[in-house]
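I am opening a new notebook page for this chain.

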Amino acid sequence: MTPLKITVAPNGARRGKSDHPEIPVSRAEIIETAVACHAAGAAELHLHIRDTAGKHSLDSTEYRETMTELARTVPDMAVQVTTESAGIFAVPDQFACLRGVRPAAASVSVREIARAPELAPQVYAFAADNGIKVQHILYEQADLDQLKAWLADGTVPDDMRAVILVLGKYAPPQNAQPDDLAPFVNALGGAFPDWTVCAFGHQEHAVLTEAIRLGGHVRVGFENNICRPDGTPAKDNAENVARIAAAARAMGRPIQN
């Protein structure tokens, strides 16, 4: 079986200290969290940065400086940047972020890029030309249909097929359910073998355990859920990473370092 890649998403674009005191906001907190989560079993960090007011940012300088510090502090941990708009940024801003950072990996929402279809070919061509591993964010069947159309017409290169299936919602709150997963995975039809799952709400662990069983990868963290499976607040991101890593081992799934 393919080794499981655990990605940690420790903060996201919206949550802050009022939601949980251990949500990392500053650069130092993000790095400290990355170190702890890597030790707990996370092979990759899904990186969101914040501005001086603690708000979601796509600032390329802050991204580069944070990534430099991460490379120094936890060099064996892969880093994936987000281009999420979070209702703030337009597609040109997201494209500018990619051009300014040129990361090894980035998550890109199909739904968001589709707001500017004339830019989509440029975004994906830039990523391909610069060796950026794109993970397409899919929230629903319509996003998958759009991605398939872009693959068919060449907007998205044929080898750019990594996806993350997002179950549940942050706002309005909608908790993911384990039964939501199989239909979404089946809709991939085997055309997207590199698939990851993240899940909003306190059933995150149950959903991700089902993803592991089905052969997918998982993303865990306070971006999506700040609780234990029983609904009580988790101590920190590393606790939830360690729990899903232990579940994978119990299921006999090797874990990617």
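**Entry 1: the whole chain.** I noted that the model is predicted. I looked up the secondary structure and found nine helices and ten strands in the chain. Next I took the box around the C-alpha atoms, which is roughly 45 × 40 × 35 Å along the principal axes.

Entry 2: I asked what radius of gyration a compact globule with 257 residues would have.

**Entry 3: a helix pair.** Two packed helices are described by the angle between their axes and the distance between the axes. I picked α1, residues 27–40, and α9, residues 237–250. Their axes come within 8 Å and cross at roughly 15°. Angles under 35 degrees count as roughly parallel, and α1 and α9 are therefore roughly parallel to each other. I also looked up the hand of the crossing of α1 and α9, and it is right-handed.

**Entry 4: who makes the contact.** Which residues do α1 and α9 bring to the contact? From α1 I listed T33, A36, C37 and A40. From α9 I listed N237, A238, V241, A242 and A245. I sorted the residues of this contact by type: seven are nonpolar, two are polar and none is charged.

How values were computed
Residues numbered from 1 in each chain as written. Predicted model: local features only at pLDDT ≥ 70, side-chain atom pairs only at ≥ 80, totals over all residues. Heavy atoms only, no water. Axes fitted to C-alpha atoms, helices over the stretch in contact; angles between N-to-C directions. Helix = DSSP H or I, 4+ residues; strand = E, 2+ residues; numbered from the N terminus. Parallel < 35°, antiparallel > 145°, perpendicular 65-115°, else oblique. Left-handed = near helix turned anticlockwise from the far one by under 90°. Contact = heavy atoms within 4.5 Å. Nonpolar A, V, L, I, M, F, W, Y, C, P; charged D, E, K, R; others polar. Rg over C-alpha atoms; globule rule 2.2 N^0.38 Å.
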